[in-house]
Amino acid sequence: MSETQWRTHRLELDDQTLREWDAIVLQAAPDGIVLDRSAFYPGGGGQPPDHGVLLWGGVQTSIAGARKGDDLYLIPGEGDPLPPPGTAVRGAVEDGRRTALMRTHSGLHVLCGVVFRDFGSLVTGGNMEPYAARMDFDLPEVPPGFKENVESACNKEIAAGRRIDVRVLPRAQAFAIPDIIRTATNLVPPDVPDVRIVDIVGLDQQADGGTHVAATSQIGRIEVVKIENKGKGFRRLRIRISD
Ligand SMILES: [Zn+2]
């Protein structure tokens, strides 16, 4: 089964601000808990999974990550008590980590939009931790002043307070948008009927399943820490996000 057939309704895809919700346990084992509704981001697209907790009848089960398989399995903390199937639980996402990851992920999209707009380079890879990230670009040469120019252009887009909208479009309609796939290869599997679009209005539109802040002004500040040459025209940009 693919992600579209998971039993868990993914609340975070519709409401990226949601941090607490009620759910029912469908299945529970030491290697994974399945809920009917969850706002835990399970990881993907370079964004690591959320951490958090399930509360039930005065008992606490920490959630340390997620595992994607025939269902979405939340990984309980080692030795934590397991809520039996049918239990009503209160789920809570650890806000500090998630908000940091949202700011960082949106920061990467700003970087991606700026480098594409100003240098025409596509993304070849990327990864993030809270407040720190790297992104690889297909860039043959590093022009003079590149690091400083990219950094100031990114912070200009942040200062502009551009809206970051999320919408879901039928596949054909989504792929009709010019340059919608900013990564060099199309990563959306052919059996996915709808495509979620993250739109930094006026700067960057991408097919993306991650969580984002609502406007670029919420990112903070982007610092381009360094540029590494990864060979054959591939440049790795390391960024840091701060207030
Ligand atoms: Zn993304």
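Modeller: Glu228 has Arg236 of strand 15 as its bridge partner. This is a predicted model, in which local features need pLDDT of at least 70 and side-chain atom pairs count only at pLDDT 80 or more, while totals for chains, interfaces and linings use all residues. Residue numbers start from 1 along each chain, as its sequence is written. Strand 14 (residues 221-229) and strand 15 (residues 234-242) run antiparallel and are joined by eight bridges; two strands pair if DSSP finds at least two bridges between them. Strands (E, at least two residues) and helices (H or I, at least four) are DSSP runs, numbered from the N terminus. Strand 14 and strand 15 make a hairpin with four residues between them, and in its turn Gly231 has a positive phi of about 90°.

There is also an open sheet of three strands, in the order 11-12-13, with antiparallel pairing. Strand 11 (164-170) and strand 13 (204-207) each have a single partner strand and stand at the edges, so one side of each lacks a neighbour in the sheet. On average, neighbouring strands of this sheet are turned by 25° against each other, direction ignored. Strand 12 (residues 194-200) is joined to strand 13 by four bridges, and the two run antiparallel. Ile200 stands opposite Asp204 in strand 13.

Next come two helices. The axes of helix 2 (residues 95-119) and helix 3 (residues 146-159) come within 9 Å and cross at roughly 120°; axes are lines fitted to C-alpha atoms, for helices over the stretch in contact, and angles run from 0 to 180 degrees between N-to-C directions. That makes helix 2 oblique to helix 3, where under 35 degrees is roughly parallel, over 145 roughly antiparallel, 65 to 115 roughly perpendicular and the rest oblique. Helix 2 contributes Val110, Leu111, Val114, Val115 and Asp118 to the contact, and helix 3 contributes Val150, Ala153, Cys154, Glu157 and Ile158. Residues are in contact if their C-beta atoms, placed from the backbone, lie within 7 Å.

As for the whole protein, it is divided into domain 1 (3-93) and domain 2 (98-242), with bounds from an automatic or database domain assignment. The domain centres, taken over C-alpha atoms, are 28 Å apart. Twelve residues of domain 1 are in contact with 15 residues of domain 2.

Terms used. Two residues are in contact if their C-beta atoms, placed from the backbone, lie within 7 Å.
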